[in-house]
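Here is a short briefing to read alongside the structure. Please have the sequence and the 3D view open as you go.

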Amino acid sequence: MSSSKQPIPLQDEQEAQTKTETNPDLYQHFASLVSSLPRSQGLSNNQFYRHDQGWNSSLVPMVGAMVADVCFTARPSDIVVATMPKSGTTWLKSLLYATVHREQHPAEAADHPFYSLGPHECIKYFEFQIYSRNSVPNLKELPDPRLFATHVPFVSLPRTVATSGCKIVYLCRDPKDTLVSMWHFSNKLRARDGLEPLSVDAAVEFFCDGLSPCGPYWDHVLGYWQAHLAHPERVLFLRYEEMQRDPAAHVRRLAEFVGLPFSAGEEEKGVVDAIVRLCSFEHMSRLEVTKGGKSDTALGSMPNSLFFRQGTVRDWENHLSPEAGRRIDAITEAKFKGTGLCMI
Ligand code: PPS
């Protein structure tokens, strides 16, 4: 039996969702379980544990993912944003939220939620935010469609996400840019924690060994790619580079996928372009809530500015050697061969 599927100290899942606000025993159970897994250093400010479904993560989000697995009850109307960390999640969350809530919150409204809340407060991660700090929240009262996010690989999604028929929007990014973005991010967290920075060479080694958050990168992408091939109506598969090339087309795709296509009237009024502008790197990164605000996560209160750096394609060329680039491309080619997926 998979260690994450072992019996747990939870009498009634339904009861937990409606009555229990916290469940320290459940968290402790999974923390003990994760602590017993193989561990190693990685591309992070924390040690990684090796989940028995084949991915690496620090303790807190892995425990959160296990709690979500047994406590979260998905609805067919739910929409889950899934990404490998540093693939453009912040952008996708913004686009999805702005698209789904465009009636209550028009993109051009001066009081749009994005002026007071960061994207990570608008759509929360299961494993970093919702299921953290012993919390087992009652999510039943949230109105449809409920929007959630996760970095967890497809194989370890909360089990009812797979069975409910709810929609998943997956976004991936060139592994070299994902790595460079993660390297910058983890060095900021390492500086915060008083740790030495990781060299870019060490980051490349860790990344290639699968020792990046929720890595190996390639297994993560392939898991969702295969789910997309099997159920294209349930799993939308997007790429950061293509979103950069034509964000408006992607906003339309997103809207259609979640069953809220833009009407001719909305098209005429320029609603799509307004959403693209609202969510653009240039606009979001300059907001006061980005420059001075924070988002609450299980890993601490994170300045929203941490999630905005360059927002460009091929920045890896400024940080990785050509050899490192070729090495990652060779792994990508070998791993994706025959899958129909091409990232190079
Ligand atoms: S996280 O921590 O996993 O949620 O980070 P994530 O949002 O996935 O990735 C952060 C990178 O996305 C860039 N970013 C954006 N790109 C384009 N448009 C918008 N609006 C946007 N917002 C964030 C961010 O700058 C990080 O990429 P790098 O390459 O580090 O700049």
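This is a predicted model: local features need pLDDT of at least 70, side-chain atom pairs count only at pLDDT 80 or more; totals for chains, interfaces and linings use all residues.

**Helix 8 and its ends**
- Helix 8 is largely enclosed by the rest of the structure, because 14 of its 18 residues are buried.
- After helix 8 comes Gly-194, which has a positive phi near 75°.

**Thr-89**
- Thr-89 belongs to helix 4 (residues 89-100) and is buried, with a relative accessible area of 4%.
- Its side chain makes a polar contact of 3.0 Å with the side chain of Thr-83.
- Leaving aside residues up to four places away in sequence, Thr-89 touches Val-81, Thr-83, Met-84, Tyr-125, His-151 and Leu-171.

**Backbone features in loops**
- Most residues other than glycine have a negative phi, and most peptide bonds are trans.
- The loop between helix 6 (126-130) and strand 6 (147-150) holds Pro-145, which is joined to Asp-144 by a cis peptide bond with omega about -10°.
- Arg-133 is also found in the loop between helix 6 and strand 6, and its phi is positive, near 50°.
- Gly-215 and Pro-216 are joined by a cis peptide bond with omega about 10°; Pro-216 sits in the loop between helix 9 (200-208) and helix 10 (217-230).
- Arg-314, in the loop between strand 10 (300-303) and helix 17 (322-336), has a positive phi of about 70° and is partly exposed, with a relative accessible area of 44%.

Notes:
Residues are numbered from 1 along each chain as its sequence is written. Side-chain values use heavy atoms; hydrogens and water are left out. Buried means under 20% relative accessible area, exposed over 50%, partly exposed in between (1.4 Å probe, protein chains only). Helices (H or I, at least four residues) and strands (E, at least two) are DSSP runs, numbered from the N terminus. A polar contact is a pair of N or O atoms within 3.5 Å; within protein, one must be able to donate a hydrogen and the other to accept it, and residues adjacent in sequence count only if both atoms are side-chain atoms. Contact means heavy atoms within 4.5 Å.
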